[in-house]
Amino acid sequence: MPRELSLAEIFQIGYYWETKILLTAIKLDLFSVLDSRPDSPSGLAKRVSLDERGLSLLLHALAAMRIVTKHEGRFANTSVARKHLVKVSPDYVGHLLVLHDSEWMNWGKLEETVRTGVSPVRQHVFETDPEMGANVLAVLDRIGRGSGVNLAKVLQLDGVERMLDVGGGAGTNAIAFCREYPRLSATVFDLPSTLPVTERSIKEAGLEDRIAVKPGDFNTDSLGERYDLVLLSDVLHYQDAQTNARLVHKTFRHLTDGGRLVIKDRFLDPDRTSPAWTTAFAVHILVNTEQGDCFTTQEAMDWITRAGFASVTELEPRAIVQGIKRGEG
């Protein structure tokens with residue numbers, strides 16, 4: 001039986017201070033400035049035109065958080081900050097963290113959302129701010145490359161020739177799958193504003209001859225031809241249950257006999273109290289999407305079954321479910 005939280009731990013959970021300190025430092029691009037040379041608060045304040053007292057307090061807090069170091073009155077980046085928080089670094093993740101900062105006001109309306117059931121947003125950032133969306137996709141692509149390779153191996157796609165990646169973003173999974181399986185060709189279906197990032201990623205991977213892009217809204221537009229595999233990766237939590245059920249049924253019509261629908265997402269356990277990160281992510285989705293939600297594995301499998309798939313299995317607990325089409329629906 002897990003132990004109860006102490007009062008000190010309750011307080012720690014309630015503090016959002018460190019989060020906002022880090023996000024503010026990223027928005028001010030302090031880590032990029034410190035990358036050129038360590039500096040004192042007064043020197044750094046002059047270089048970036050900030051208030052010295054406020055900057056000094058921020059830097060000392062960042063040092064206590066072990067994101068920067070302080071030596072003889074000068075502050076410098078840690079190795080982690082140099083790798084992930086300096087804009088010129090190939091491993092920069094600041095764009096994703098800036099997205100979190102842009103969602104700050106939405107989180108501030110959590111109480112109102114719980115009282116009314118009405119989300120403070122009507123459109124996702126990929127629709128409202130294409131530039132930020134493109135930057136976030138680039139970060140997610142870099143982070144997801146390893147998981148894409150692992151997913152390709154788990155699915156064992158030998159013999160699969162045509163794949164559709166619905167809401168495929170930067171093409172991360174399509175690229176990983178095509179590299180793993182030389183006979184596979186793929187189509188990435190996503191919003192027109194997203195596809196320039198996708199096309200750039202495909203070109204950089206040298207897979208223009210095997211990966212195509214198709215613009216549209218996957219809930220209202222045709223998905224095109226028939227495929228041996230349809231992938232829905234981290235798509236369903238942006239939508240409500242009815243919309244997801246319709247989308248799953250729609251994919252059935254676009255699969256060949258024997259074709260497979262694979263859904264990868266962040267699923268909850270049946271009692272919806274674990275995994276802990278996913279329960280918090282569900283609240284994030286509540287205030288940052290109009291109708292999104294997190295679902296259990298069984299809910300996703302029920303959608304697949306009702307769509308007409310003859311074989312429905314959970315390939316990886318709380319992560320991957322699959323349906324296989326037999327005969328015409």
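Contact here means heavy atoms within 4.5 Å. The model is predicted.

**View 1. Helix H11 packs against helix H12.** H11 covers residues 130-155, and H12 covers residues 172-180. From H11, the contact takes in Asp141, Gly144, Arg145, Gly148, Val149, Leu151, Ala152, Lys153 and Leu155. From H12 come Thr172, Asn173, Ala176, Phe177 and Glu180. By class, these residues are six nonpolar, four polar and four charged. The two axes lie 8 Å apart, at an angle of about 45°. H11 and H12 are therefore oblique to each other. Their crossing is right-handed.

**View 2. Helix H2 packs against helix H7.** H2 runs over residues 17-27 and H7 over residues 94-102. The packing angle is about 120°, with the axes 9 Å apart. That makes H2 oblique to H7. H2 passes H7 in a left-handed crossing. On the H2 side, the contact residues are Lys20, Leu23, Ile26 and Lys27. On the H7 side, they are Gly94, Leu97, Val98, His100 and Asp101. The contact divides into four nonpolar, two polar and three charged residues.

**View 3. Helix H16 has a buried face.** H16 spans residues 297-307. Its buried residues are Thr297, Ala300, Met301, Trp303, Ile304 and Ala307. Seen down the helix axis, they fall within an arc of 155°, so they line one face of H16. An α-helix has 3.6 residues a turn, so residues three or four places apart point the same way. The cover over the buried residues of H16 includes helix H14 (241-253) and strand S7 (255-264). It also includes strand S8 (311-316) and strand S9 (320-324). Just after H16, glycine 308 takes a positive phi of about 115°.

**View 4. Phenylalanine 267 is buried in a loop.** The loop lies between S7 and helix H15 (276-288). Phenylalanine 267 has a relative accessible area of 3%. Buried means under 20%, so phenylalanine 267 counts as buried. Leaving aside neighbours within four places in sequence, phenylalanine 267 is in contact with Pro275, Thr278, Phe295, Thr296 and Thr297, among others. Its contacts also include Ala300, Arg318, Ala319, Ile320 and Val321. Two of these partners, Thr297 and Ala300, are among the buried residues of H16. Cysteine 294 is 27 residues away from phenylalanine 267 along the chain. The C-alpha atoms of phenylalanine 267 and cysteine 294 are separated by 6.4 Å.

Conventions. Residues numbered from 1 in each chain as written. Predicted model: local features only at pLDDT ≥ 70, side-chain atom pairs only at ≥ 80, totals over all residues. Heavy atoms only, no water. Axes fitted to C-alpha atoms, helices over the stretch in contact; angles between N-to-C directions. Helix = DSSP H or I, 4+ residues; strand = E, 2+ residues; numbered from the N terminus. Parallel < 35°, antiparallel > 145°, perpendicular 65-115°, else oblique. Left-handed = near helix turned anticlockwise from the far one by under 90°. Nonpolar A, V, L, I, M, F, W, Y, C, P; charged D, E, K, R; others polar. Buried < 20%, exposed > 50% of the residue type's maximum accessible area, 1.4 Å probe, protein only. Arc of directions from axis to C-beta.
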